[in-house]
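Hello,

Here is the structure I said I would hand over. My notes on it follow below.

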Amino acid sequence: MPSGRRLDLLDPTPFDWDDADLALGLARTYRWGGHSAWPLPLSVAQHSISVMLLRRAAAPHISPLEDLRELLHDAEEGLLGFDAISVIKPFLGEAFRALTKRLEHMVFLRYGLPAWNAKSHAAHKRADRLAAASEAVHVAGWSREEVRRTLKIRAEVLGEDPLARHYGCTPWEPWPPGVACERFLAELTRLKQAVAAS
């Protein structure tokens, strides 16, 4: 890790990375197989902030801890450096699924996150699918029909980018890794402080 820590992917602990390691890993891990209609691909860090904002918009009274869980919902991908596109996941098999679950468990332990229950996970998946459908059209260049027919995502496609409203950035444009890292780390730090104060 950039911090000098070592992460054993086959036997991880919650102490094998620091927040900056995670933010950088997520900023350098790309969604949609790294493909984009823009000059840059979309990072998992940027996607994670989008999902957090969408979930918060749907539930304005969400607690800081739940907010943090939304921000970190794909954190294991930043530790692994790989976001498997949906169509290949079945071919990666049970061993890969167990590996990612183990990493996710370490993330939840490190940040004191509660396990998903049926209600919270369903609410999270609504926000995640809304982000995915919108990214598919506005970032990856899919048509709305392809999103429904090929990707099997039934969520609506947003017209307004929640990140543009929050940061004043160009709607739907993927951020450079340095910007994605900085913004993710700032959100992570803010939420950890909010959780500690609550």
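A residue counts as buried under 20% relative accessible area, as exposed over 50%, and as partly exposed in between. The model is predicted, and the values here are computed from it. Phe 82 has a relative accessibility of 33%, so Phe 82 is classed as partly exposed.

Phe 82 sits in the loop that links helix H4 (75-80) to helix H5 (89-111). Leaving aside residues up to four places away in sequence, Phe 82 is in contact with Thr 29, Glu 77, Ile 88, Leu 92 and Phe 96. Arg 28 is 54 residues from Phe 82 in sequence, yet their C-alpha atoms are 9.2 Å apart.

The other item is a helix pair. Helix H3 (residues 64-71) packs with helix H9 (residues 177-197) at an angle of about 155°, and the two axes are 9 Å apart. Angles over 145 degrees count as roughly antiparallel, so H3 is roughly antiparallel to H9. Their crossing is left-handed.

On the H3 side the contact is made by Pro 64, Leu 65, Asp 67, Leu 68 and Leu 71; on the H9 side, by Phe 184, Glu 187, Leu 188, Arg 190, Leu 191, Ala 194 and Val 195. Sorted by class, the H3 and H9 contact holds nine nonpolar and three charged residues, with no polar ones.

Within H3, the buried residues are Asp 67, Leu 68, Arg 69, Glu 70 and Leu 71. These buried residues pack against H9 and also against helix H2 (44-58), H5 and helix H6 (118-138).

Regards

Terms used. Residues numbered from 1 in each chain as written. Predicted model: local features only at pLDDT ≥ 70, side-chain atom pairs only at ≥ 80, totals over all residues. Heavy atoms only, no water. Helix = DSSP H or I, 4+ residues; strand = E, 2+ residues; numbered from the N terminus. Buried < 20%, exposed > 50% of the residue type's maximum accessible area, 1.4 Å probe, protein only. Contact = heavy atoms within 4.5 Å. Axes fitted to C-alpha atoms, helices over the stretch in contact; angles between N-to-C directions. Parallel < 35°, antiparallel > 145°, perpendicular 65-115°, else oblique. Left-handed = near helix turned anticlockwise from the far one by under 90°. Nonpolar A, V, L, I, M, F, W, Y, C, P; charged D, E, K, R; others polar.
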